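Subject: Structure handover

Hello,

Please find the structure below.

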Amino acid sequence: MNRPGGPMRPGSQKAKNFKQSMGKLIGYLEPHLVIVVFALLCSVIGCICSLKGPKKLGEITTLCQIAIMQGESIPLDQIRNIGFTLIGLYLTSIILSYLCGFLMTGVSQKIANKLRSEISEKINKLPLKYFDSRSYGDVLSRVSNDVDNISQNLNQSLTQIISSITMLVGVIVMMISISVQLTAIAFITIPVSMICMMFIVKFSQKQFRAQQSVLGQLNGHIEESYSGHTIIKVFNQESENLEKFEEYNANLKKSAWKSQFLSGMMMPIMGFIGNLSYIAVCIFGGSLAVGTTNRKIRLDFWKDGFKFFTAGSRLMIGDLQGFIQYTRQFNQPLQQIAQITNILQSCAAASERVFEFLAEQEMPSEKPSVVLNKEDVKGYVEFKDVNFGYNPDKQIIFDFNCLVKPGQKVAIVGPTGAGKTTIVNLLMRFYEVNSGTILIDNIPSTDMSRENVAGLFGMVLQDTWLYEGTILDNLRYGNKNATKEEVIEACKACHVDHFIKSLPDGFNYMLEENANISQGQKQLMTIARAMIQNAPMLILDEATSSVDTRTEVLIQKAMDELMKGRTSFVIAHRLSTIKNADVILVMKNGNIIEKGNHDELIKQNGFYCDLYNSQFSEN
């Protein structure tokens, strides 16, 4: 159908709140709460096992230090036991970390799958005016790029958030257990890190949002350029089209560079601040360890290990070794959190666009009170005082009244913009009337479901559409139960059977984008598809516009045979194709200005007569 109005620039809609979008995204985790909790438990246990490592390594160093200081032999049995314990801890940590990642990957993919399903359902619930006001590329970008972004980033961020928080808490506990003073020194850098992180996030958030919006614009331009490639070449618009692409590409490069640069600053800054903390811990801890080495040490052995009591707040070298490792591990989750913050910026921008799409106003919900079967349809169609406008401030159909009797062939003619296709849109309930009623067999169409109404009409549009699949599947698209014989008969009536049989696999020939099939041949197949559908009423919108004159005559005969006994609406600019119509409605500016058959309208010598003469007069 023709689209009223031009495409709206993607990203021009008002942006939603990022916290709200992320809150909705987190809400998708609720059905998987048990798995998430179990994954969290695996992560916690795995991190605890990993956290035990530095302290155990410090025990080995301390055992060696004590043995050397007291002139004793190194206790190899104890060191061997600690080594086996370390191997067990690290293996357990790896296995649990793998299990956590496996579970969270499954959760993120299920969420992405649910989002795609909701988007697919949403597309079918949105009114045509939504797609009329937006570029297809922007819609496709939300369905594909944004959902993929959410899937990848959600998987990565969920796993890292769980492990990083667990690691951070565990490291803090282990650091405090070794030295409160050194822990306080390590913590001095945290406020500085948080301030830097918040400052970078504030500016990078805008750029991530702009990046997703410009990506939608670029996708829309590419889609339009590809679909209109021939037109672009015909009018020598390659350079202008390339300039427009370069403009979008430059904007994407600019926003992507800013977002990636700002987010890329996070890790180096966090690393620099972490190194300052590391240096301070080494200097202060070293002084404590040196002081401890020069003092007497008392050992108390317990069943499961040993504990060193030092004078004051001095440390053993093994304790300092473990603490330094914990300092490194303490900076690691901080850096991961900073990295996750960057990931969440991109994820939030993508989720904002997806939830914005899912929140679009849908077609009004239906509670059909009548179900009209195709076999029971007689074919009465009546328009009563119908008024309509695509925009509230611009009405294009005014008090439209028309009664069509069963089996009549009704032609709708008029200049461009008269409202011909709009009448068909309203009849099919692609749009709802502003006021008035459309009745089918004296039943208001609003009392039936949209699917029920659409199933009563077979349609052949000016724009052909065939999907990737076999010719037989395409022909059966409107009637899956059609037999092979019925398909062949319809193709013979449309004079397309010879062409199909000439293809390598005949009816099993696979249609693809690069299939060598002309526009006229596609048009013939769409007409055959409408015949196979066998609907009680027909809508033909310039159905023969892509065929030659000789084929048009043959098709016209087949269409006349098809329309016998069926109420048919024919939109045509070539008036020769509708001379045998029972009723011709002449429309201008949304109103019926003339009505009658061809001979009656010619005798009136009015607007239709002028149109007809302009096409067939020698002058």
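The notes start with the whole chain and then go element by element.

Ground rules first. This is a predicted model, so to speak of local features a pLDDT of at least 70 is needed, side-chain atom pairs count only at pLDDT 80 or more, and totals for chains, interfaces and linings use all residues. Residues are numbered from 1 along each chain as its sequence is written, and side-chain values use heavy atoms, with hydrogens and water left out.

**Whole chain**

The chain has 20 helices and 14 strands. These are DSSP runs numbered from the N terminus: H or I over at least four residues for helices, E over at least two for strands. Of the 619 residues, 47% count as buried. Buried means under 20% relative accessible area, exposed means over 50%, and partly exposed lies in between (1.4 Å probe, protein chains only). The chain exposes about 31,900 Å², and carbon and sulfur atoms supply 57% of that. Areas come from the Shrake-Rupley method with a 1.4 Å probe; for residues, only the protein chains shown count as cover. Among contacts between residues at least 6 apart in sequence, 80% join residues at least 24 apart. Contact means heavy atoms within 4.5 Å.

**Cores**

The largest nonpolar core has 43 residues; I471, L475, I578, I584 and Y608 touch the most other members. Helix α17 gives the largest share of this core, 7 residues. A second, separate core holds 33 residues, including F383, I412, V424 and M428. A nonpolar core is a set of buried Ala, Val, Leu, Ile, Met, Phe, Trp, Tyr and Cys residues joined through side-chain atoms within 4.5 Å.

**Around α15**

Helix α15 spans residues 484-493, with V487, A490 and C491 buried. Seen down the axis, the buried residues of α15 fall within an arc of 100 degrees, so they line one face of the helix. That arc is taken over directions from the helix axis to the C-beta atoms. The face turned away from the buried side carries the exposed E485 and E489. The buried residues of α15 pack against α14 (471-475), α16 (497-501) and α17 (519-533). L475 touches V487 and C491, among others including M525 and I532, not counting residues up to four places away in sequence. After α15 comes H495, with a positive phi near 60 degrees.

Four strands form an open antiparallel sheet in the order β4-β3-β6-β7. Its edges are β4 (397-404) and β7 (443-444), each pairing on one side only. Strands pair if DSSP finds at least two bridges between them. β3 (381-388) and β4 share 5 bridges, and E382 stands opposite L403 in β4. Helix α12 lies across β3, β4 and β6 (435-440), at about 110 degrees to β3. Axes are lines fitted to C-alpha atoms, for helices over the stretch in contact; angles run from 0 to 180 degrees between N-to-C directions. In α12 (420-427), 8 of 8 residues are buried, K420 and N425 among them. R429 follows α12, with a positive phi near 65 degrees.

**Hairpin**

β13 (583-588) and β14 (591-596) pair antiparallel over 5 bridges. They form a hairpin with 2 residues between them; N589 in the turn has a positive phi of about 55 degrees. K588 stands opposite N591 in β14.

**L86**

L86 lies in helix α3 (76-125). L86 is buried, at 7% relative accessible area. L86 touches G53, K56, L57 and I60, not counting residues up to four places away in sequence.

Best regards
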